[in-house]
Amino acid sequence: MRVYLDNAATTPLDKEVFDTMAPFMLEHFGNPSSIHSHGREVRSAIEKARKTVATLLNTSPAEVFFTSGGTEADNAAIVCTCRSLGIKHAISTKLEHHAVLHTMEMLEKSGDVQVSYLRHDERGVLDLEHLEELLASQPRTLVSIMHANNEIGTLNDIQTIGEICRKYDAIFHSDTVQTMGHYKHDLQQLGANFIVGSAHKFHGPKGVGFLYCDAGTKIQPLIQGGAQERNMRGGTENVYGIIGLAKAMEIAYRDMGEHARHIQGLKDRMVHKLREQLEDVSFNGMSEFGDKSLYTVLNVSLPASDINEMLLFSLDINKISASGGSACSSGANAGSHVLRALGTDPARGNIRFSFSKYNTAEEIDYAVETLAKMYKKIPA
Ligand code: PLP
């Protein structure tokens, strides 16, 4: 059995999505900026895709801009807000994905922006009173807080954060990469200026995403070039990517309830079986609590042991793909800035399992049995 439990890093492409994309690789190859019929048919497909995304998010197509993925969309929201609107103060958290964290650090290093980081507890729950305190004492601010953490799964209450931001006239960007396609976002309800999506996190293709930018927030483009994306992002569009993104999102919304139930069931099964078959197992962040954490992510804390060094490698030998944190970190504990910020014990085996609609109960059982065998080697 070969088991893929690293769906927060990327998900397999849905065959239905591939079938929708394929004609745009072979038959419909025109450049969407060309005015002849080859170009026009592709332009019309892109605009249809934009309308699909906008409708699902309950917003207008004029507020959806296609990008090369979540990283670019996060960069555009943060960098362009600071540059275009002259924002000098930002609030974020040390638990953000590097797409946000490193962008904030760059703006701080260049002296353009001063960044304040929100306090959080050892489970990654943010202190929203601190957010109010910071906002009350600062000039117009950009707030960048993710919806769900990609490593530990902790969900932030972005509805309330959006309301706080509105109260203080702050610009609010939320990195919604991990929840897009898994939770419904209603932009008429959510007070965010920017949210983002990345197709490969919900069974779409890699290298394509989008930025939602509300019509009232006027920013300049991050990437200079042609007039594509209504002058907001130069460069010939990733046509088949965009077609695939819209299809993947349509499927995700269509089947969301069923998939959420299936995946939550797998996660609950894993929590239960791990507790049953292993001693001294716990869960990082809020990942064991259904409504407070992403149903696709379970971050497990295994007992301190000399096998932890080789934990991911040992799982890999047993044909189980999991992760120590975000896709950019390697060893089990090595690169996780999130676990470090939470003060997690590095001697323990901290490992992220993340699930998709394609996983099965048998795969979960196999992963738990494999871990149980590995940890039986620990002397009592
Ligand atoms: N933000 C979060 C929370 C993510 O999990 C990821 C990907 O892992 C990204 C941003 C980056 O998205 P992309 O891979 O599309 O650049």
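In this predicted model, the ligand is surrounded by 13 residues, and the closest of them are G70, T71, D175, S198 and K201. The protein is assigned two domains, domain 1 (3-11 + 256-374) and domain 2 (15-254). Between domain 1 and domain 2, about 2,800 Å² of area is buried. The structure as a whole holds 21 salt bridges, and the count between domain 1 and domain 2 is 1.

**Ligand surroundings**

- S198, one of the closest residues to the ligand, places a polar side-chain atom 2.6 Å from an oxygen atom of the ligand.
- For Q178, the distance from a polar side-chain atom to an oxygen atom of the ligand is 2.8 Å.
- The side chain of H200 has an N or O atom that lies 3.0 Å from an oxygen atom of the ligand.

**Domain arrangement**

- Domain 1 is assigned in two segments, 3-11 and 256-374, whereas domain 2 is given as 15-254.
- The centres of the two domains, taken over C-alpha atoms, are separated by 27 Å.
- To the contact between them, domain 1 contributes 34 residues and domain 2 contributes 35 residues.
- Carbon and sulfur atoms give 55% of the area buried between domain 1 and domain 2, which is about 2,800 Å².

**Polar and charged pairs across the interface**

- On the side of domain 1 that touches domain 2, β10 (297-302) and α12 (337-342) each supply at least two residues.
- Of the elements on that side, α12 gives the most, with 5 residues.
- By class, the side of domain 1 that touches domain 2 comprises 15 nonpolar, 14 polar and 5 charged residues.
- The interface between domain 1 and domain 2 has a count of 1 salt bridge.
- R123 and E288 form a salt bridge in which the closest N and O atoms are 3.8 Å apart.

- D19 pairs with K15 in a salt bridge, and their closest N and O atoms are 2.9 Å apart.
- D19 and K15 are separated by about one helical turn, because they stand 4 residues apart in helix α1 (residues 15-21).
- The salt bridge of D19 with K15 and that of R123 with E288 are among the 21 salt bridges that the structure holds.

Conventions. Residues are numbered from 1 along each chain as its sequence is written. This is a predicted model: local features need pLDDT of at least 70, side-chain atom pairs count only at pLDDT 80 or more; totals for chains, interfaces and linings use all residues. Side-chain values use heavy atoms; hydrogens and water are left out. Domain bounds come from an automatic or database domain assignment. Contact means heavy atoms within 4.5 Å. Buried area is the accessible area (1.4 Å probe) that two parts lose on being put together, summed over both. A salt bridge is a side-chain nitrogen of Lys or Arg within 4 Å of a carboxyl oxygen of Asp or Glu. Ala, Val, Leu, Ile, Met, Phe, Trp, Tyr, Cys and Pro count as nonpolar, Asp, Glu, Lys and Arg as charged, and the others, Gly among them, as polar. A residue is near a molecule or strand if one of its heavy atoms lies within 4 Å of it. A polar contact is a pair of N or O atoms within 3.5 Å; within protein, one must be able to donate a hydrogen and the other to accept it, and residues adjacent in sequence count only if both atoms are side-chain atoms.
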